[in-house]
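I opened the model to trace the strand pairing first. Then I went to the packing and a few single residues.

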Amino acid sequence: MTTPTPPAAVIDVARLPEDVVALIDALGPGESLVITRDGVPIAAVSGAARVDAGPGPAVHDVTVVATAMTLSRSARASLSAALGGDYIVLDLHAAPATADVLLVPPSSPQLIGLLREKFPKARVIVTEVEDNGLGVSYRGPVRRMLDAGADDYLPSTTIRRLARQLDHNLTRHRELSAGATTRVEIDSPASEPDLP
């Protein structure tokens with residue numbers, strides 16, 4: 001379950017000095033403008049994807065990824081940077097209802113339903129992630145079973161798909177060098193074509 005984030009304060013850009021507005025306008029998605037007092041950072045303004053209504057060069061489309069898990073700014077920035085310039089990663093509470101992707105930790109079907117209502121167009125992706133360097137730990141039942149010694153997890157929708165996944169998995173395992181024990185990461189069932 002996520003910890004509620006307090007609503008963000010809003011200020012109209014017309015109230016800011018022109019040189020500050022120019023710096024903000026120059027920010028790209030995921031970039032920040034740090035505001036200091038006596039050399040000490042006190043706030044940061046982050047660039048976001050914008051749709052320019054007026055004339056001039058259009059801002060290219062970005063995929064908006066909302067995270068329904070508590071991530072630090074550095075963890076979100078790291079994910080955004082790893083995805084590349086075509087993505088922007090926002091906290092669930094800062095993301096627009098038109099977000100393209102919603103990353104959700106393992107949770108109840110009821111919570112998934114509520115999030116689906118809030119983000120009706122988003123592709124909802126359940127993820128288990130653990131990154132000690134960034135202080136992120138969202139381990140769910142699948143990761144716990146793999147950590148306990150299970151070799152693989154096959155999320156099959158039909159018996160025929162299970163047979164195909166199992167054969168692919170065992171064939172790949174046999175092809176590995178003798179004596180090496182390697183666990184295969186989970187593949188999304190959506191990545192495989194439906195069998196007739």
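I looked up V104 first: its bridge partner in β6 is V126. Strand β5 (residues 101-104) and strand β6 (residues 123-126) run parallel, joined by four bridges. I count two strands as paired if DSSP finds at least two bridges between them. Helices (H or I, at least four residues) and strands (E, at least two) are DSSP runs, numbered from the N terminus.

A note on the source: this is a predicted model, where local features need pLDDT of at least 70, side-chain atom pairs count only at pLDDT 80 or more, and totals for chains, interfaces and linings use all residues. Residues are numbered from 1 along each chain as its sequence is written, and side-chain values use heavy atoms, with hydrogens and water left out.

β5, helix α3 (residues 109-118) and β6 form a right-handed β-α-β unit. Right-handed means that, with the strands pointing away from the viewer, the path from the first strand over the helix to the second runs clockwise.

Then I checked the other pairing. Strand β3 (residues 63-67) runs parallel to β4, with five bridges between them. I88 in β4 is the bridge partner of V64.

What is the order of the strands in the open sheet? I read β4-β3-β5-β6, four strands with parallel pairing. β4 (87-91) and β6 are at the edges with a single partner strand each, so one side of each has no neighbour in the sheet. From one strand to the next, the twist averages 25°.

I turned to helix α2 (residues 73-83). Helix α2 lies across β3, β4 and β5 and runs at about 160° to β4. Axes here are lines fitted to C-alpha atoms, for helices over the stretch in contact, and angles run from 0 to 180 degrees between N-to-C directions. Contact means heavy atoms within 4.5 Å.

I picked S80 in helix α2. S80 is buried, at a relative accessible area of 9%. Buried means under 20% relative accessible area, exposed over 50%, and partly exposed in between (1.4 Å probe, protein chains only). Beyond its neighbours within four places in sequence, S80 contacts Y87, I88 and V89.

T67 in strand β3 came next. Is T67 buried or exposed? T67 is buried, with a relative accessible area of 0%. Not counting residues up to four places away in sequence, T67 touches R76, V89, L90, D91, L92 and L103.

Then I looked at the largest nonpolar core, which has 14 residues. Such a core is a set of buried Ala, Val, Leu, Ile, Met, Phe, Trp, Tyr and Cys residues joined through side-chain atoms within 4.5 Å. V64, A68, L92, L102, L115 and F119 have the most contacts inside the core. β3, β4 and β5 each supply at least two of its residues.

E31 counts as partly exposed, at 42% relative accessibility. Its C-alpha atom is 9.8 Å from that of A81, 50 residues apart along the chain.

Last, the chain totals. I noted five helices and eight strands. Of the 196 residues, 21% count as buried.
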